[in-house]
Amino acid sequence: PAPQTRRRTLEFYSLWCQAVARLIDQTQPDAFHCPDFHAAMAVMYVEKPLPVIVVLHNAEYQGAISTQHMGTQEAKHFGDVFNLPPD
């Protein structure tokens, strides 16, 4: 879990999700299937809402990851990284 919360890793996911969102906006699919948490943020950048299917399947975490409990400071950090408002 620790490498997944490093700023450089999160910035990569942010850029990836922004690119995916542009593809979604251009192709206008009927739904977006997110294969895991790192793809789920793409819907935050999509201009036209669409149905989303999120499948979280990484059993290694067993429901325990340090970012599960996010307060105001953590929300601001992720908002900064993903270029999104923290609320």
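These legends go with a handful of close-up views of a predicted model.

**View 1. Ala-21, tucked away in helix α1.** Ala-21 sits in helix α1, which covers residues 7-27. With a relative accessible area of 0%, this alanine is buried. Leave aside anything up to four places away in sequence, and Ala-21 touches Ala-42, Tyr-45 and Val-46. Look at Ala-42 in particular: Ala-21 and Ala-42 are 21 residues apart in sequence, yet their C-alpha atoms are 5.3 Å apart in space.

**View 2. A nonpolar patch on the surface.** Here Phe-37, Val-52, Val-54 and Leu-56 come together as a nonpolar surface patch. One of the four, Val-54, belongs to strand β2, residues 52-54. Val-54 has 43% relative accessibility, so it counts as partly exposed.

**View 3. Arg-7 and Glu-11 pair up in helix α1.** The structure has 4 salt bridges, and this view shows the one between the side chains of Arg-7 and Glu-11, at 2.9 Å from N to O. How far apart are Arg-7 and Glu-11 in helix α1? They are 4 residues apart, so about one helical turn separates them. Arg-7 is partly exposed, with a relative accessible area of 40%, and Glu-11 is partly exposed too, at 37%.

**View 4. Asp-25 meets Arg-22.** Still in helix α1, Asp-25 and Arg-22 are 3 residues apart, or about one turn of the helix. Their side chains form a salt bridge, again with its N to O distance given as 2.9 Å. Is Asp-25 buried or exposed? Asp-25 counts as buried because its relative accessibility is 18%, and the cut-off for buried is under 20%.

View 5. Over in helix α3 (residues 72-82), Asp-80 and Lys-76 lie 4 residues apart, about one turn of the helix. Their side chains meet in a salt bridge, 3.1 Å from N to O. Both ends are partly exposed: Asp-80 has a relative accessible area of 45%, and Lys-76 has 47%. Back with the pair from the previous view, salt bridges that share partners tie Arg-22, Asp-25 and Glu-47 into one network.

Methods: Residues are numbered from 1 along each chain as its sequence is written. This is a predicted model: local features need pLDDT of at least 70, side-chain atom pairs count only at pLDDT 80 or more; totals for chains, interfaces and linings use all residues. Side-chain values use heavy atoms; hydrogens and water are left out. Helices (H or I, at least four residues) and strands (E, at least two) are DSSP runs, numbered from the N terminus. Buried means under 20% relative accessible area, exposed over 50%, partly exposed in between (1.4 Å probe, protein chains only). Contact means heavy atoms within 4.5 Å. Patches are made of residues with over 30% relative accessible area and no salt bridge: like charges are joined within 9 Å, nonpolar side chains (Val, Leu, Ile, Met, Phe, Trp, Tyr) within 5 Å. Accessible areas come from the Shrake-Rupley method with a 1.4 Å probe; for residues, only the protein chains shown count as cover.
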